[in-house]
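User: Can you walk me through how to read the main features here?

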Amino acid sequence: MGHHSGVRDDGGRQRHGDGEQRGGEDGGRGPRGGRTVLVTGGGTGIGRATALAFAAEGAEVVVVGRRLGPLRETSAADPRITALAGDLTVEGEPERIVRRVLETHGRLDVLVNNAAVVRGGPLGSLGAETIGPQLATNLVAPVLLTGAALPALEASGGVIVNVSTSVDRRAWPGSSVYAATKAALESLTRSWAVELAPRGVRVVAVAPGAVDTPIGDHQGLSAERQAAVRAWQLAHTPLGRIGRPAEVAWAITRLAGAGASFVTGAVLAVDGGAVVA
Ligand SMILES: NC(=O)c1ccc[n+]([C@@H]2O[C@H](COP(=O)([O-])OP(=O)(O)OC[C@H]3O[C@@H](n4cnc5c(N)ncnc54)[C@H](OP(=O)(O)O)[C@@H]3O)[C@@H](O)[C@H]2O)c1
């Protein structure tokens, strides 16, 4: 590919050395032409596609997740991608992850809060063991990670992209808590956009509809149940098909790009029309 050989698995790499540079018309690019992007949940699905899309644009990308195996599969696909294992719900991990990115890359331009877990069930069946991990992963972790990343994002004139879901604006029977965590993430997007505008940081969200990823496997759904969920989603998707992770990654990279410099506080549905149907 002709660019530098990346050091994997959070090995010490050369610093870019211009962490103070603010984003201008060039989108805050470093001397090697690339921004540094942190993607949570970058080992699988939408996160992996997003990491690949940013790397294809010339960005340096760090992917975070609990399992090193999937992260390494992502980083193996492009030398600009580095795997960094960590559980965002463990105390101190969001701060450690940001410190590590700054040690290895010297700057942070884009934070993609993409990691999430889904634990379904009807009201009455929902216990603390179902509610807790969803709140911790989908809501608390993005708040802590973004807070830890803020000084670096302010220094680079950076962008925060939160990954929501298009169904959080509709009823989602059987996944009410998950939908509520995403509605909260969109609320954070609007509040942070206004709070951080004077500090030169943009905040946006992308709300995918039904997308072909391992999310159903990670939720522990049987093949039968996953097929039923897909059928329900298809029936509510005017474009009549399931989306591809790369179609969501397209929106994330575009909204994080310099061309989107007047966009903040917006939530873009990438859902085949589901939310307006
Ligand atoms: N697929 C869809 O139809 C769809 C629709 C709407 C919205 N979304 C949203 O899109 C985003 C990506 O989901 P996806 O569909 O690509 O599903 P996915 O493959 O299950 O991705 C979730 C990722 O989050 C990581 N993760 C979970 N808990 C974590 C933790 N505590 N610390 C660090 N990483 C953690 C997982 O890796 P580890 O297990 O290795 O930690 C996994 O790579 C999510 O926010 C999801 O809510 C998806």
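Below we take the ligand shell, then the sheet.

Analyst: First, the ground rules. This is a predicted model, where local features need pLDDT of at least 70, side-chain atom pairs count only at pLDDT 80 or more, and totals for chains, interfaces and linings use all residues. Residues are numbered from 1 along each chain as its sequence is written.

User: How many residues surround the ligand, and which are closest?

Analyst: A residue is near a molecule if its C-beta atom, placed from the backbone, lies within 6 Å of it. Here 29 residues surround the ligand, with Gly 41, Gly 45, Arg 66, Ala 116 and Thr 213 the closest. By type, the shell has 13 nonpolar, 13 polar and three charged residues; Gly counts as polar, and Asp, Glu, Lys and Arg as charged.

User: Which element supplies the largest share of that shell?

Analyst: Helices (H or I, at least four residues) and strands (E, at least two) are DSSP runs, numbered from the N terminus. H1 gives the largest share, three residues. Helix H1 (45-56), strand E2 (60-65) and helix H6 (215-219) each supply at least two.

User: What is the strand order in the sheet?

Analyst: Two strands pair if DSSP finds at least two bridges between them. This open sheet of seven strands runs E3-E2-E1-E4-E5-E6-E7, with parallel pairing. Strand E3 (81-85) and strand E7 (267-270) are the edges, each pairing on one side only. E2 and E3 pair over five bridges in the parallel sense, and Gly 65 has Ala 85 in E3 as its bridge partner.
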